[in-house]
Amino acid sequence: MIEVKGLAKRFAVTDPKKLTEEEKADPRLQGRFFHSVRQVEFSCQQGEVLALLGPNGAGKTTTLRMLSSAIKPDAGTIEIGGIDVVRDPAAARKKIGFLSSSTGLYGRLTAMENVAYFGRMHGLEGEALAERMDSLFSLLDMKSFLHRRAEQMSSGMKQRTSIARALVHNPQVVILDEPTTGLDIMATETVLSVVRHLKSQGVPVIFSTHHLDEVAALCDRVAVIDRGETVFNDSLAQFAALNGDLRQALLTLVMSKEAA
Ligand SMILES: Nc1ncnc2c1ncn2[C@@H]1O[C@H](COP(=O)(O)OP(=O)(O)OP(=O)(O)O)[C@@H](O)[C@H]1O
C-alpha cells in the first residue's frame, strides 16, 4: 500500500553561519549541501499503523513531507496505493491526508468553516460534505467549539480541527507528523482514538512521534531513522525483541550507529 525506497533529499546551505555546532559536525553536511535524508525505506500495508522514530533532526519531517508530495525527493521512489507520488503528486494528494505542524488553519474562520473550506477544495459539497463533517466532528469530539474562530482556540482544539481538515476528503492513506506533540492527555487520547478508528477502517497510518508508549499501544510496524538513514524497519514485535524496554531498543539503534 505504501512503499518507500531509497529516499534522499538535500538542502542547499544558504547561510553557513546559521548552522548549529551539531549540524557542522554532522556527516550529512557536505560542501554547500546538507543531506537531510540519505537512504530511507519502509513499507506499510492496508490497516497497519507505522511509527516513524528517530532523534531530533534525524529527517522524519523531511521524509513525511516527501511522502505527502509537499517537497520532491532528489532520489528514491514513493508508491502510495499504486500511485507514484513523485510522478503524479496531484493524484497522490487526493489519496493522502497529511497533518504537519505547519498545516495551517485560517485564524478568522471557525472550526467548522475551516473544515468546510478544505472539504470544498477537495470537491465535496452539499449533503456529502455535511455528513462527512458531522462524522469527523463526532470522532474528534469537536462539537463544543465548532463556531469558535481558530485564532481563539486552544492548541488541542486547533490540532483536532487540523486533523479534521486532513481527513475531510476521506483519504486512503493518512500521514501525521508528531500529531500529539504539545497536547494534554485528553486531546492526546482523542488523537490516538482517531488513529485506532482509521486502522479499524483498514486505512494505513504513518505517524512520527517521540512517545514510545504510543508506539507500544498503537503500532504494527516501526521504522527508525538516524541521520537521514533507516536503521530499523520491521514489526513492533521485532523492535521489542531488541530490548523489552522500547526506549532502550531505540537508544541501542541510534547509539550503535553513532559509535560505528
Ligand atoms: N528546508 C530546509 N533547509 C535546510 N535544512 C533543512 C530544511 N528542512 C530540514 N532541514 C534540516 O534537515 C535535518 C532534518 O530535519 P527534520 O525536520 O526532517 O528532522 P526531524 O527528524 O523531523 O526532527 P524533529 O524530531 O526535531 O522534528 C535538520 O538538520 C534540519 O535542520
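Buried here means under 20% relative accessible area, exposed means over 50%, and partly exposed is in between, with a 1.4 Å probe and protein chains only.

A word on the ground rules. This is a predicted model, where local features need pLDDT of at least 70, side-chain atom pairs count only at pLDDT 80 or more, and totals for chains, interfaces and linings use all residues. Residues are numbered from 1 along each chain as its sequence is written, and side-chain values use heavy atoms, leaving out hydrogens and water.

Back to cysteines. How many disulfides does the structure hold? The count is 0. The cut-off for a disulfide is a pair of cysteine sulfur atoms within 2.5 Å.

**Now the salt bridges**

The structure holds 8 of them. To count, a side-chain nitrogen of Lys or Arg must be within 4 Å of a carboxyl oxygen of Asp or Glu. I will show you some, including the pair Asp134 and Lys143.

Their side chains meet at 3.1 Å, N to O. How accessible is Asp134? Asp134 has a relative accessible area of 41%, so it is partly exposed. Lys143 is partly exposed too, at 46%.

Next, Glu151 and Arg149. Their closest N and O atoms are 3.0 Å apart, which makes a salt bridge. Glu151 comes out at 44% relative accessibility, partly exposed. Arg149 is at 32%, again partly exposed.

Then Arg196 with Glu189. This salt bridge has its closest N and O atoms 3.3 Å apart. Arg196 is partly exposed at 37%. Glu189 is partly exposed at 39%.

**Last, the annotation**

An unreviewed UniProt entry carries the annotation "domain: ABC transporter" for residues 2-252. Those positions are in the numbering used here, the feature names are shortened, and annotations may be inferred rather than shown by experiment. In the model, the end C-alpha atoms of residues 2-252 lie 27 Å apart. The span is 38% helix and 25% strand. Helices (H or I, at least four residues) and strands (E, at least two) are DSSP runs, numbered from the N terminus.
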